[in-house]
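Keep the sequence and the 3D view open as you read.

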Amino acid sequence: MKKISAVVLALVLCVSMLSFGFAEGTTVKLGVILLHDEDSTYDLNFLNAVNQVAEDLGIEVVVRKNIPESNACYEAACELADDGCNVVFADSFGHESFMLAAAKEYPEVQFCHATGTMAHTEELDNFHNAFAAIYEGRFLAGVAAGLKLNELKEAGKLKGETPLMGYVGAFTYAEVISGYTSFYLGAKSVCPDVTMKVQFTGSWYDEMGEKAAAEALINAGCDLISQHADSWGAPTACEDAGIPNVSYNGSTVGRCPNTFIVSSRIDWAPYLTYVCTQVANGEPVDTDWVGTIATASVVITDINEQAAAPGTAEYVAGVKAQLEAGTLHVFDTATFTVNGEALTTYLADVDTDAAFTADTEVIFTDENGSFFNESDPALRSAPYFDVQIDGIELLNAKF
Amino acid sequence: MDASKRSFLPIPHLAKREKMNIFAAMGIRVLAFVLGMLVCGIVASLLVKDISFNWKSMKSFYYCFYEGSFTTNRKLLAYIKDLAVLLCIGLALAPAFKMRFWNTGAEGQTLVGVLAAILVNFYLGGSGNPDIALGDLPLSLIMLVAAVLAGCIWAALPALFKARFNTNETLFTLMMNYVAKYLVSFSIVRFLTNANSSGSMKSLSSGRLPVLFTQMPSIDKPGTTFKIPQSLNDYLIVGCIVLIVTVFMFVYLKYTKHGYEISVVGESTRTAKYVGISVKKVIIRTMLVSGALCGLAGWLIAQVDKSVSTESSVHGQGFTAILVAWLARFNPIFMVATAGIVVFLNKGASRIATDYSISPSLPDVFIGIVLFFIIGSEFFVNYKLKFSFAGKAEEVSK
């Protein structure tokens, strides 16, 4: 037995050395390109993850802040590679084509891009995309929202006959549509008669615009507000009006102690840890990587007992366990309809092209039923759910 | 004479200098640069916790500045490219400013140049319309023509209004910058449909410049050759083109009839009229040259960036170029040096922000300090600081 295992071990070692040719334990130096600096909540979320990974793994990190989505990104990426970084990571969607240009000139360096869409069609060995299944976090936040609506309904505090939610979105893109739909489905899973209105602002950061949109939704009779935009506009509008709010990208409980229920966000530390470990061991990095609630890439904050319905924490924990186990699908086609009919087939625009051609079938079926297979790492990490389902009314559209 | 009024301390007073020896003037400017850098070091040691005022720490601080531009082949070529683009815009401004036409619109004139070139590339290069895909060289040339024309139009408008209605050119050209900016934002969303959710454009791959440079002696590994990738080949071509433009502008301003007319109009429009120069014609013609060169700079940016963006395509260089041109007294050859210093400071500063992980605004303060010293030194080039004693001064007055 011992002999066999020794032979197997030797073989594995030989094969791994042959196939990768790296020395064991390559020293990792991580280069990071950020669109803004720590004043932006979006970039701060990345920066926190980078600092944590640097500390946990004891690796050297170089951070370049305020790099625009232009040739400057290409130059910064090349400079980082010249400075000895063997992993270069960029955080903004528009960085992608410039990262790609750098990746072609430095085949031995791994270029990783968050939120991008091109890695699976470019087929470069050293260019990778990553995202997180944030729709799982949104779903859980939606469950908390649904429980709150049930509480209001029982207390007779609803503004209308049936519960109505409002949602402030940035743009009418797949990323936002996927976000508000999963949030709505979460709420609907506990509060079946809920409907939702969505107002877009046309900007990722517009404090006044987001506040105005939230106020308009509150005046239109919404019992609860959530948002997908980066400013304090919507949460503060809710606190002023005493309307419960489900937040994004971090807790807003500090300024909204009476109305903040829960928030979801992406934690990039697991991805960075994964990439750095793979490079250190001389192993290849996945072309598309999707962090989930099971890998701790999607996290939800502590639930604010003051605003949430009693028992929310326990209930949400139960749903989270189901998601982790894979027994529950967020986009289960049995839970929603499109124009009154169940979705049995759908072609999504997975491969990027100028005409936004729908190219890939994304309705999958497993032992737990049929579902829209959002952010499947085998297809593409960035969201492509852009279906408009019944129960959600879009008040406008912004591209 | 009242003895009590007599002072034993020297009293400073100023005197206008006669034309200063050019080497002495250069010496003063170099001294100002060195002093400015020194003050930067002191400020850095006071404000940044990783920098202290000792030999070792200061050495790495200044090495950081140097490291921003010169330690690798790639940085050196990027430095040459950045210098060339800034210089090109400065060269565009030189004739207008010499004519005392305050063209504050170089930013917009360059930006529309970039936009025109990118639109041409997008629609004739196969991205926007799959039926038309021109070859690299013809496409590149059409991009050039479009960029120069766009720059000309943007500069000619205020010039026409100035010549015909005597409008204020400073405000007019300045406002045209904003029109250009919003035109770019609009075009990205409306015409350049490969734009993505963050409102920026993906880079294009058509319309590449021809490959002229394939290798150079390596500066970071002496004795070896550095294989130049295509993007850096483009940087070198940009450098060469601007070198030619520099020589052209030097000759144009100094040795041609046009150049002479520009300086006469700049000195006094009445004199110009008296000697029979058509001021209107000179204004419009000079602004066309200015706009054409801004358009050329826009084309160079478009060739390098392969995309257009409202904020980062020109990135304030249209205003920085005013400084470059003015410090060099509109002399194209001196402008190579002033543009070189500005780019050096910018690159060094961003390197410092990275290496010491400090907020990128602090290095901007360093740039400000050094420029303040250099601009301030002009005062000492023009004026002499004299010291005298009260008694002596009175003797002189007698």
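## The two domains of chain A

In this predicted model, the centres of domain 1 of chain A and domain 2 of chain A, taken over C-alpha atoms, are separated by 32 Å. The contact between them draws on four residues from domain 1 of chain A and six residues from domain 2 of chain A. On the domain 1 side, the residues that touch domain 2 of chain A comprise two nonpolar and two polar residues, with no charged ones.

If you want to colour these parts in your viewer, the domain assignment of chain A gives domain 1 as 20-133 + 268-291. Domain 2 of chain A is assigned as 135-265 + 303-329 + 384-394.

## Chain B as a whole

Now turn to chain B, which holds 14 helices and four strands. Its C-alpha trace spans about 95 × 65 × 40 Å along its principal axes. Of the 398 residues in chain B, 42% are buried. Taking the contacts in chain B with a separation of 6 or more, 76% are between residues 24 or more positions apart.

## The two domains of chain B

The assignment for chain B gives domain 1 as 14-51 + 357-398 and domain 2 as 76-355. Here the C-alpha centres of the two domains of chain B lie 31 Å apart. Nine residues of domain 1 of chain B are in contact with eight residues of domain 2 of chain B.

Which helix gives the most to the side of domain 1 of chain B that touches domain 2 of chain B? Helix 13 of chain B (residues 361-382) does, with six residues. By class, that side of domain 1 of chain B has eight nonpolar residues, one charged residue and no polar ones.

## A closer look at helix 12 of chain B

Helix 12 of chain B covers residues 332-355, 24 residues in total.

After helix 12 of chain B comes Ser357(B), which has a positive phi, near 35°.

## Where the chains meet

Between the chains, 25 residues of chain B are in contact with 25 residues of chain A. On the chain B side, helix 3 (73-98) and helix 10 (279-305) each supply at least two residues. Helix 3 of chain B provides the largest share of that side, three residues. Sorted by class, the side of chain B that touches chain A has 16 polar, five charged and four nonpolar residues.

To finish, zoom in on Trp289(A), which sits in strand 11 (residues 288-291) of chain A. Is Trp289(A) buried or exposed? Trp289(A) is buried, because 22 other C-beta atoms lie within 10 Å, and the cut-off for a buried residue is 20 or more.

Leaving aside neighbours within four places in sequence, the contacts of Trp289(A) are His128(A), Ala130(A), Tyr271(A), Tyr274(A), Pro377(A) and Ser381(A). Pro377(A) is 88 residues away from Trp289(A) in sequence, yet their C-alpha atoms are 5.6 Å apart in space.

Methods. Residues are numbered from 1 along each chain as its sequence is written. Chains are lettered from A and ligands numbered from 1 in the order in which they are written. This is a predicted model: local features need pLDDT of at least 70, side-chain atom pairs count only at pLDDT 80 or more; totals for chains, interfaces and linings use all residues. Domain bounds come from an automatic or database domain assignment. Two residues are in contact if their C-beta atoms, placed from the backbone, lie within 7 Å. Ala, Val, Leu, Ile, Met, Phe, Trp, Tyr, Cys and Pro count as nonpolar, Asp, Glu, Lys and Arg as charged, and the others, Gly among them, as polar. The expected span of a helix is 1.5 Å times one less than its number of residues. A residue is buried if 20 or more other C-beta atoms lie within 10 Å of its own, exposed if 12 or fewer, and partly exposed in between; C-beta atoms are placed from the backbone.
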